[in-house]
Amino acid sequence: MGSPPLFYRWSSKALVWLGVSSIIILSLGLFMGIGLSPADYKQGDVYRIIYIHVPSAIMGESIFIFMALCGFINIIWRAKISGMLIKAAAPIGMSFVLLVLTTGSIWGKPTWGTWWVWDARLTSTLILFFIYAALIGLHSTIEDKIKADRAVSILAIVGVAIIPVIKKSVDWWQTLHQPSTFKLTSAPSMSPEMYQPLLICVIGFYLVFAFILTLNLRNEILERESSKKWVKEVIGNQS
Amino acid sequence: MKRDLLIAFRRSATYITPLIFFLIVITFFPLALGPEQKLLSSLAPGIIWIAALLASLLAVETIFNEDFRDGTLDSFFISLEPTFILVFVKVFIHWLITGLPLLLASCVAALVLYLPFDSVSAMILSLILGTFFMSLLGALGAALSLGKSAILSAVIVLPFSIPTLLMGTSVIASAINNQDYTGFLMIMGGMLAIGIPAICLLTVEALLLSYD
């Protein structure tokens, strides 16, 4: 899997599976959530944005942890593909964090009465957004791709410290944002008809991420190995 | 070590410039917000901290550039001492030169921003810990963007300096309210304790990037 040409060939088949399954599962989750689940007794139908908001939040954080792991592997074992994975994953993660912030704003206006509040969770998520931006900016300014990968690996490892802060921010501080619904030790505080579509949406989002990541990674491989013979063959076959 | 101190003393610009920058930024706030005493007094901890943050960040921008260009940085890696100790010493000396004058300037800032006199000692303690942490972070940013634009280094480092900012302003704010602020100082000290080895090691990694 670490060898670029092998990965490229394997991923063409994986892409089809990922694409189809992500469309099916995400549509199922969104339909069940937005269409079928019961209205909230306090918020009415506004809460349905949770089926986009919460999975995006989970993705934004998980992708950063993924990048930190890849960064660690890249620094210690110098595996080229782990460096490329960081570059492929970063824009996706940043888009998800942007999605969280905007859907959160939209959700906040009717329920809290405000588009934004400087509480711990919102502020730390905003910081995550800045760290993503810094990472993408750093990678684009360094010309040598291998060096850029390593610089970004360092930044990802340092930046992962913000993730526990975000996750625990609703427990550590007095926030306007509600506490977590899913805990490791006790049952969720939502009714099953509401959180089952949510879990399906989370899985759907993960599949979407895997799909886009594979697409990005394939592009990245083609771009970096463009002088190699196998790339010329692939491009030659397609044109 | 001694060499750095000598060079810095001879070129007075190294330690005067961050000082003047700090004072200029402090001046901008009353100009922009209006000179009303109550307003400035309530905002003073935040203003002083933001100015200190920016000044100490920009001061370390060029910490490695000259050494990189004239080859002194190579000797860091060849020498018998562990490189991260050398990096730490370099940052520490740099902070002594640029950060300590900042502490004096902050007393002036406290005066002109009508900060209550009793909280000045708390402010100085928080700034000592905070500006050193900022110098460390700034050194990491400088190493990552060695030879490239300074604003990139600032964008990388500033999100990580937010905890320092929060803790520092909390120290001064609790001092103003006559509450116990040692807890916050402990947290800042803890961040330094973990940060010094971690950031120095990461800075060495980052410097090595420019060598392959």
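Tutor: Happy to. Let's settle one term before we start: two residues are in contact if their C-beta atoms, placed from the backbone, lie within 7 Å. Keep in mind, too, that this is a predicted model. Its scores are ipTM 0.74 and pTM 0.82. For chain B, the mean pLDDT is 83, with 93% of its residues at 70 or more.

Now to the meeting place itself. Chain A brings 14 residues to the contact, and chain B brings 13 residues. On chain A's side, the elements giving two or more residues are α4 (120-141) and α5 (145-159). The largest share of that side comes from α4(A), with 7 residues. Sort chain A's side by type and you get 10 nonpolar, 2 polar and 2 charged residues.

Setting aside neighbours within four places in sequence, A:Leu155 is in contact with A:Ala134, A:Leu135 and A:Leu138 in its own chain, and with B:Leu144 and B:Ile156 across in chain B. Along with B:Ile48, A:Leu155 has the most contacts inside the largest nonpolar core, a set of 117 residues. The element that gives the most to this core is α7(B), with 15 residues. As background, nonpolar side chains in soluble globular proteins tend to be buried together.

That helix, α7 (120-144) of chain B, leads us on to another one. It is among the partners that the buried residues of α9(B) pack against, the others being α3 (37-59) and α10 (182-209) of chain B. Helix α9(B) covers residues 162-176, and its 15 residues reach 21 Å from first C-alpha to last, close to the 21 Å expected. Its buried residues include B:Met167, B:Gly168, B:Val171, B:Ile172 and B:Ala175. Just past the end of α9(B), B:Asn178 takes a positive phi of about 60 degrees.

Buried residues in α1(A) include A:Leu18, A:Ser22, A:Leu26, A:Gly29 and A:Gly33. An α-helix has 3.6 residues a turn, so residues three or four places apart point the same way. What the buried residues of α1(A) pack against is α2 (50-77), α3 (80-112) and α7 (192-224) of chain A.

Terms used: Residues numbered from 1 in each chain as written. Chains lettered and ligands numbered in written order. Predicted model: local features only at pLDDT ≥ 70, side-chain atom pairs only at ≥ 80, totals over all residues. Helix = DSSP H or I, 4+ residues; strand = E, 2+ residues; numbered from the N terminus. Nonpolar A, V, L, I, M, F, W, Y, C, P; charged D, E, K, R; others polar. Buried ≥ 20, exposed ≤ 12 C-beta atoms within 10 Å, placed from the backbone. Expected span 1.5 Å × (residues − 1). pLDDT = per-residue confidence, 0-100. Core = buried A, V, L, I, M, F, W, Y, C linked by C-beta atoms within 7 Å.
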